[in-house]
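Dear colleague,

Please find the structure below, together with its sequence.

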Amino acid sequence: DTTGTVAHCNATAERMTGYTKAEIIGRPVSDLYDPECLAQVRDALTRFLETGALHNVELRIRRRDGSLLD
């Protein structure tokens, strides 16, 4: 949503992160990414909110077990 909180989630996000849908929805989006990528996450979200379009962005996801996924 516009505050950076996860409002929707699909099965792929569950599979990729190791979190359940219930654990993902309501979390800050920043919780799901490598802290080193947070500036890129903020930039991507800002562009999306301004334009409604997603651009090709590659970000590192932080899984529930702490491992990272490129």
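This is a predicted model: local features need pLDDT of at least 70, side-chain atom pairs count only at pLDDT 80 or more; totals for chains, interfaces and linings use all residues.

**Arginine 62 and its surroundings**

A polar atom of the arginine 62 side chain lies 2.9 Å from the backbone oxygen of aspartate 31. Such a polar contact is a pair of N or O atoms within 3.5 Å; within protein, one must be able to donate a hydrogen and the other to accept it, and residues adjacent in sequence count only if both atoms are side-chain atoms.

Residues are numbered from 1 along each chain as its sequence is written, and side-chain values use heavy atoms, with hydrogens and water left out.

Arginine 62 belongs to strand E1 (residues 61–62). Helices (H or I, at least four residues) and strands (E, at least two) are DSSP runs, numbered from the N terminus. With a relative accessible area of 27%, arginine 62 is partly exposed; the scale is buried under 20%, exposed over 50% and partly exposed in between (1.4 Å probe, protein chains only). Not counting residues up to four places away in sequence, arginine 62 touches Tyr19, Ser30, Asp31, Leu32, Tyr33, Asp34, Pro35, Ser67 and Leu68, where contact means heavy atoms within 4.5 Å.

**The loop between H2 and H3**

Leucine 32 is found in this loop. By contrast, leucine 32 and threonine 51, 19 residues apart along the chain, have C-alpha atoms separated by 23 Å. Leucine 32 is counted as buried because its relative accessible area is 10%. Leaving out residues up to four places away in sequence, leucine 32 touches Val6, Tyr19, Ile24, Arg27, Arg60, Ile61 and Arg62.

Aspartate 34 lies in the loop between helix H2 (21–24) and H3. Aspartate 34 is buried, at 7% relative accessible area. Its side chain makes a polar contact with the side chain of arginine 60, at 2.4 Å. Apart from neighbours within four places in sequence, aspartate 34 is in contact with Arg60, Ile61, Arg62 and Leu68.

**Helix H1**

Threonine 17 is placed in helix H1 (residues 11–17). Threonine 17 is classed as buried because its relative accessible area is 6%. Its side chain reaches the backbone oxygen of alanine 13 at 2.8 Å. With neighbours within four places in sequence left aside, threonine 17 is in contact with Ile24, Ile61, Arg63 and Arg64.

Glutamate 14 also lies in helix H1, and is partly exposed at 27% relative accessible area. A polar atom of the glutamate 14 side chain lies 2.7 Å from the backbone nitrogen of lysine 21. Not counting residues up to four places away in sequence, glutamate 14 touches Cys9, Tyr19, Thr20, Lys21 and Ile24.

Methionine 16, another residue in helix H1, has a relative accessible area of 32% and is partly exposed. Methionine 16 touches Ile61, Arg63 and Leu69, residues up to four places away in sequence not being counted. From methionine 16 to alanine 39 the C-alpha distance is 21 Å, for 23 residues of sequence.

**Aromatic rings**

Arginine 27 lies over the face of tyrosine 19, at 4.5 Å from the ring centre. A charge sits over a ring if NZ of Lys or CZ of Arg is within 6 Å of the ring centre and within 35 degrees of the ring normal. How many aromatic pairs are there? The count comes to zero, where rings of Phe, Tyr and Trp (its six-membered ring) pair if their centres lie within 6.5 Å, and planes under 30 degrees apart count as stacked, over 60 as edge-to-face and the rest as tilted.

With kind regards
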